[in-house]
Amino acid sequence: MNIRQSFITFFNSLILQIRQLIRNLLPPLLAICGFFLLCGIVLILRSQNPWEFYTTIFISGFSSFDEVGSVLFNATPLIFTGLAVAVGYKGGLFNIGCEGQLYVAAFAATWIGMHLSLPSVLLVPLCIGTAMITGAFWGAVPGYLKAKFGAHEVINTIMMNFIAFALTNFLVTSVYREPNQMIPQTSQIHDAAHLPRLAGILTFLPQSNLLNASFLLACACVISCYIFLKYTRWGYELRLVGNAPEVAEYGGINPRAVTVWVMALSGAIAGLAGVADVMGYRYRFLDGFSSGWGFTGIAVALLGRNHPFGVFAAALLFGLLNKVALDIELILEVPRGLFLAGQGLLIIGLVCMEGISKRNNG
């Protein structure tokens, strides 16, 4: 009898988990399907074959290891910024400042990589650590203002973005510009500060592929965030403050302190997106190097339901869309901007379905 009851309990628990999983996955999947359906309708209205659109996406994204590596390369910074937004959101905070945080972190990593001549085993962790500390500081400032004065983090992080853009622009154009170079960029960092290309490790990748060790760092960050949020005391405090700050304070947790370190943690993760570009791709700081990764990270976190593994999957989708956008324009003569604008419709559709789902559940 006990075995039977245990089996029934386990089976019921499994059914509930499956239902919850379906409930969580349904809105993103419907939004994605709606996006591709809308793209097909637009092509039909342009008297084009929608199947060419779908086959172009498949060929451009999955036809070879080189294409897959390029998708992963495009997705890497979005994994970091998506995780940064998700961590902040779990703590009840909306971090709009990932773009500024990754800029100052990238410059800090560049400065260390240019000025210190150390073995790679020391220089690489030092550059990464400096970038994370700088991003953490940039995130902690609006967190402190929120905790101390009640100033809204959305406004503060937006203002910190402007400061980050202006500060790094001044430094790269007026102080650290590469000699005899009109492009606003610094000199290259030392070779010892480079993150290795995975093409040198994975023989099936061509040597020209840009995928580098920052992707492995992103994968490790996804797993670490999942463990941190689900199984650690700090993760529990973070989630409790995000869901019920009054209950958290009653239980002996200081919500103000949590607000500061959550924003610092979010900024540190966002700073790794700058590391991916400086140490894994350009090997220097280029003014305006980000294509809006910090802001796209908001969409990635939303599509991924603020779950670390969901963020990873959503970043891969956006990496794929960014990769194939140029091919869609060249092959099908569909303006790239129109295709990228569809990503915005994807998020709007997701938000609408979220609202409908909450209304029905309520």
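Helix α1 is the main contributor to a nonpolar surface patch, giving four residues to it, and the patch as a whole covers about 590 Å². The model described here is predicted.

**Nonpolar patch**

**Packing of α3 against α10**
- Helix α3 (residues 65-90) and helix α10 (residues 255-282) have axes that come within 7 Å and cross at roughly 170°, which means that α3 runs roughly antiparallel to α10.
- On the α3 side the contact includes Phe73, Thr76, Pro77, Phe80 and Thr81, and on the α10 side it includes Val262, Leu265, Ser266, Ile269 and Ala270.

- Gln101 lies in helix α4 (residues 98-115), and because its relative accessibility is 1%, it counts as buried.
- Leaving aside residues up to four places away in sequence, Gln101 touches Asn95, Gly135, Trp138, Gly139, Ser266, Gly267, Ala270 and Gly271; among these, Ser266 and Ala270 also belong to the α10 side of the contact with α3.

**Salt bridges**
- Side chains of opposite charge can pair when their charged atoms come close, and the count for this model comes to six salt bridges.
- Arg284 and Glu178 meet through their side chains at 3.0 Å, N to O, and this pair links distant parts of the chain, with Arg284 in the loop between α10 and α11 (293-303) and Glu178 in the loop between α6 (153-175) and α7 (213-231), 106 residues apart.
- Arg284 has a relative accessible area of 12% and so is buried.
- Arg233 and Glu237 form a salt bridge at 2.8 Å, N to O, and both lie in helix α8 (residues 233-243), four residues apart, or about one turn of the helix.
- Within that pair, Arg233 is exposed, with a relative accessible area of 51%, whereas Glu237, at 14% relative accessibility, counts as buried.
- Arg282 and Asp277 are joined by a salt bridge of 3.0 Å, N to O, in which Arg282 counts as partly exposed at 24% relative accessibility, while Asp277 counts as buried at 3%.

Technical notes. Residues are numbered from 1 along each chain as its sequence is written. This is a predicted model: local features need pLDDT of at least 70, side-chain atom pairs count only at pLDDT 80 or more; totals for chains, interfaces and linings use all residues. Side-chain values use heavy atoms; hydrogens and water are left out. Patches are made of residues with over 30% relative accessible area and no salt bridge: like charges are joined within 9 Å, nonpolar side chains (Val, Leu, Ile, Met, Phe, Trp, Tyr) within 5 Å. Accessible areas come from the Shrake-Rupley method with a 1.4 Å probe; for residues, only the protein chains shown count as cover. A salt bridge is a side-chain nitrogen of Lys or Arg within 4 Å of a carboxyl oxygen of Asp or Glu. Helices (H or I, at least four residues) and strands (E, at least two) are DSSP runs, numbered from the N terminus. Axes are lines fitted to C-alpha atoms, for helices over the stretch in contact, and angles run from 0 to 180 degrees between N-to-C directions. Angles under 35 degrees count as roughly parallel, over 145 as roughly antiparallel, 65 to 115 as roughly perpendicular and the rest as oblique. Contact means heavy atoms within 4.5 Å. Buried means under 20% relative accessible area, exposed over 50%, partly exposed in between (1.4 Å probe, protein chains only).
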